[in-house]
Amino acid sequence: MSGADRIAAAFARADGEGRAALVVYLTAGYPDPDTSRACLRAAVDAGADVVEVGLPFSDPIMDGPVIQAANQTVLDAGVGLEEQLAVARDALAGGEVPAVAMTYVTVADTRGYARFAADCRAAGLDGVILPDLPVGESAAWRAAAAAEGLATVFLASSVSADERLDAIATASAGWIYAIGLLGVTGVDAVDATPTRALVERLRARTATPVAVGIGVRDRATAQDVAAYADGVIVGSALLRAVADGDPAGAPDRVAALVADLRAGTVRP
Amino acid sequence: MSATTTPVDGAQDEPREGYFGPFGGQFVPESLSGALTELADAWRTAAEDAAFLDELDQLRRTYGGRPTPLYRAERLSAEAGLEVWLKREDLAHTGSHKLNNVVGQALLTRRMGKPRVIAETGAGQHGVATATAAALFGLDCTVYMGAEDCRRQRLNVVRMQLLGAEVVPVESGTRTLKDAINEAMRDWVTNVDTTHYLIGSAMGPHPFPTLVRELQKVISVEMRTQFAAQAGGLPDAVVACVGGGSNAIGAFADWIDEPAVRLIGVEAAGEGVGSGRSAATLSEGREAVLHGSRSIVLVDDEGQVRPAHSVSAGLDYPGVGPEHAWLASSGRGEYVGATDDDALHGFRRTCELEGIIPALEPAHAVGWLLRHGRDLLGDGARLILNMSGRGDKDVDEVVRVAGWDVGVERAFRADPSA
């Protein structure tokens with residue numbers, strides 16, 4: 001079964017239950033590898049449908065202060081890519097939910113696309129998101145990803161021109177990541193009107209599920225998005241929960257927030 | 001715009017827009033795609049619009065002080081054993097070459113109907129130029145500057161503020177130019193519908209490397225005419241410092257198809273190439289994506305960007321513009337390193353021998369020339385060095401870092417008679 005198939009199955013299962021799929025982002029290795037592993041487990045056990053494993057990068061231009069700080073903490077602690085992928089592999093070994101890596105093109109490219117794709121596959125991941133790799137620059141990466149059965153999830157923006165949405169709808173596998181606002185992660189809330197219009201423009205082009213991320217921060221914003229999108233992506237809010245207290249309590253805080261968000265994904 | 005399309009190595013034979021060999025491209029978040037297309041379109045039509053080009057030319061002459069002189073530096077020549085001509089970009093308005101690019105992009109900003117510009121700045125020269133153009137055109141202006149650079153280039157922070165810009169000190173990462181660019185990118189992603197990101201170097205996603213080169217090309221176009229008239233013939237070499245590479249690409253652009261003229265880029269080698277504290281990207285870096293384009297970058301084996309180091313805030317950057325990566329890898333350009341110590345030597349000798357206080361950035365080129373120029377270029381070679389900026393901004397920091405006793409303390413002590 002390809003990564004795209006496993007992701008599609010997770011979206012279909014949620015849809016069958018009258019819900020938008022809940023996609024949970026956590027930075028691998030944050031705040032330390034053991035806590036990170038436990039938080040990923042907790043997110044799955046509390047009802048995440050899909051997991052995004054953030055692989056830190058020194059210069060994350062799409063990320064706001066919360067994810068920037070998490071990335072920097074992991075890098076400053078000397079937790080490298082092997083160990084980050086091991087955290088994902090161990091935490092998600094049960095295979096209950098599909099998982100994708102989220103990082104920047106520089107990380108994948110420096111390792112070599114083929115080797116990076118193989119490493120992701122070996123860690124049990126089903127796909128990859130590279131927010132600074134537009135479709136037009138992605139041919140070499142997509143070939144490497146396809147060779148390992150990995151889905152590549154592309155981002156779409158309300159300001160994307162029609163022909164770009166055509167290309168994104170064709171290239172994106174697993175789901176299409178509809179950006180919920182003009183801005184970086186973890187700062188402002190979803191801008192509903194343009195985002196809903198973006199989801200509709202994508203729906204007119206493809207049957208691939210459309211999930212909205214950037215600006216979903218709590219149950220209420222999840223509920224708003226679930227009314228019109230196939231999936232809801234939450235990241236910075238989860239990392240805030242991780243950071244909001246002692247590491248030992250982080251998995252419980254993550255579980256509580258995931259359960260609350262999941263309740264928000266139920267369609268009215 | 002011809003060199004925006006160059007053949008690509010490897011499987012693909014057709015040229016790709018925005019590439020220089022394998023370098024360049026457009027590696028940016030999707031939200032910026034529209035703005036980059038809009039900018040490329042605006043430039044394409046403007047470059048064929050006689051009224052636009054006339055206005056640009058008028059502004060350069062009557063406001064910017066162009067053409068800048070080409071000056072034969074006799075005493076530096078004698079010390080270097082070379083015939084050294086200085087292209088005096090330090091005499092342009094705002095004190096560097098940066099305004100060449102900024103005025104052009106500000107006109108494009110107005111053409112696109114955007115009311116706000118943002119910029120990154122290292123040494124503050126590009127920030128000052130942007131703040132200047134924003135004042136001139138009535139645009140809102142925010143400049144991102146690493147907190148460490150704000151400290152070492154304080155004069156330029158105050159200049160920008162006086163010109164009406166908001167200066168945002170960036171505390172993340174290495175607190176230098178790289179992090180200022182990250183913050184500017186984040187601002188642009190957020191405010192792309194109202195804001196033009198006025199990139200100051202020949203780097204970033206397409207069309208910036210080409211656009212900045214074309215706007216800075218005036219430097220080498222003037223050089224060619226002036227050199228022919230004043231010295232006769234062609235120079236043996238053109239020498240320029242390289243951080244992101246805007247003054248260098250401007251100084252090289254008109255000579256690229258003139259193989260008799262050697263193109264020498266001088267990078268900041270900090271404490272030495274291989275010391276771990278350097279900004280000599282083309283000597284020490286590898287192919288990678290940074291800030292929107294594929295180029296040569298200081299990255300580690302895991303793709304994390306390594307901190308650069310240089311005494312010069314303007315060259316303290318772990319990347320380089322993609323066309324320089326291409327000129328280096330194709331062999332058309334030659335790239336060498338100048339250490340902090342070379343730069344301080346160049347700074348001091350330019351003051352003492354020519355009565356010119358250079359910016360620390362071109363002081364790298366002078367320092368390299370004095371210590372290594374004759375070895376590479378041969379006795380008596382004729383060359384043009386792009387004096388890309390003046391050094392008022394640097395005097396306090398240079399005296400502090402170099403530890404020179406020039407008499408500052410004697411001049412400012414409480415009781416001069418004591």
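# Questions on a two-chain predicted model

Me: In this predicted model, where does A:Pro31 lie?
Reply: The peptide bond that joins A:Tyr30 and A:Pro31 is cis, with omega at about -5°. In general, most peptide bonds are trans. As for its place in chain A, A:Pro31 is found in the loop between β1 and α2 (33–45).

Me: How compact is chain A when set against the globule rule?
Reply: Chain A holds 12 helices and 9 strands. The globule rule gives 18 Å for 268 residues, and chain A comes close to this, so it is as compact as a globular protein of that length, with a radius of gyration of 17 Å.

Me: What share of the residues in chain A is buried?
Reply: The C-alpha atoms of chain A fill a box of roughly 45 × 40 × 35 Å along the principal axes. Among the contacts in chain A with a separation of 6 or more, 74% are between residues 24 or more positions apart. Of the 268 residues in this chain, the buried share is 61%.

Me: Which strands of chain A stand at the edges of the open sheet?
Reply: The open sheet has 9 strands with parallel pairing, in the order β5-β4-β3-β2-β1-β9-β8-β7-β6 of chain A. An edge strand pairs on one side only, and this holds for β5 (151–153) and β6 of chain A.

Me: What is the bridge partner of A:Val23 in β2(A)?
Reply: Strand β1 (residues 21–27) and strand β2 (residues 50–54) of chain A pair in the parallel sense, and 5 bridges link them. Strands of a sheet pair through backbone hydrogen bonds, either parallel or antiparallel. In β2(A), the partner of A:Val23 is A:Val50.

Me: Which element gives the most residues to the side of chain A that touches chain B?
Reply: Across the two chains, 32 residues of chain A are in contact with 27 residues of chain B. On the chain A side, α3 (65–76), α5 (105–111) and β6 (155–156) each supply at least two residues. This side is made up of 17 nonpolar, 9 polar and 6 charged residues. The element that gives the most, with 6 residues, is α5(A).

Me: How far apart are the C-alpha centres of domain 1 and domain 2 of chain B?
Reply: Chain B is divided into domain 1 (34–51 + 98–211) and domain 2 (66–95 + 217–402). The contact takes 28 residues from domain 1 of chain B and 33 residues from domain 2 of chain B. The C-alpha centres of these two domains are separated by 22 Å.

Me: Is B:His291 buried or exposed?
Reply: Strands β11(B) and β12(B) form a hairpin with 2 residues between them, and B:His291 is in the turn. Phi of B:His291 is near 50°, a positive value in a residue other than glycine. Because a residue counts as buried if 20 or more other C-beta atoms lie within 10 Å of its own, the 29 found within 10 Å of B:His291 make it buried.

Me: What is the bridge partner of B:Glu287 in β12(B)?
Reply: Strand β11 (residues 286–290) of chain B and β12(B) pair in the antiparallel sense over 5 bridges. In β12 (residues 293–297) of chain B, 5 of the 5 residues are buried, so this strand is largely enclosed by the rest of the structure. The residue of β12(B) that is the bridge partner of B:Glu287 is B:Ile296.

Key: Residues numbered from 1 in each chain as written. Chains lettered and ligands numbered in written order. Predicted model: local features only at pLDDT ≥ 70, side-chain atom pairs only at ≥ 80, totals over all residues. Helix = DSSP H or I, 4+ residues; strand = E, 2+ residues; numbered from the N terminus. Rg over C-alpha atoms; globule rule 2.2 N^0.38 Å. Buried ≥ 20, exposed ≤ 12 C-beta atoms within 10 Å, placed from the backbone. Contact = placed C-beta atoms within 7 Å. Nonpolar A, V, L, I, M, F, W, Y, C, P; charged D, E, K, R; others polar. Pairing = 2+ DSSP bridges. Domains from an automatic or database assignment.
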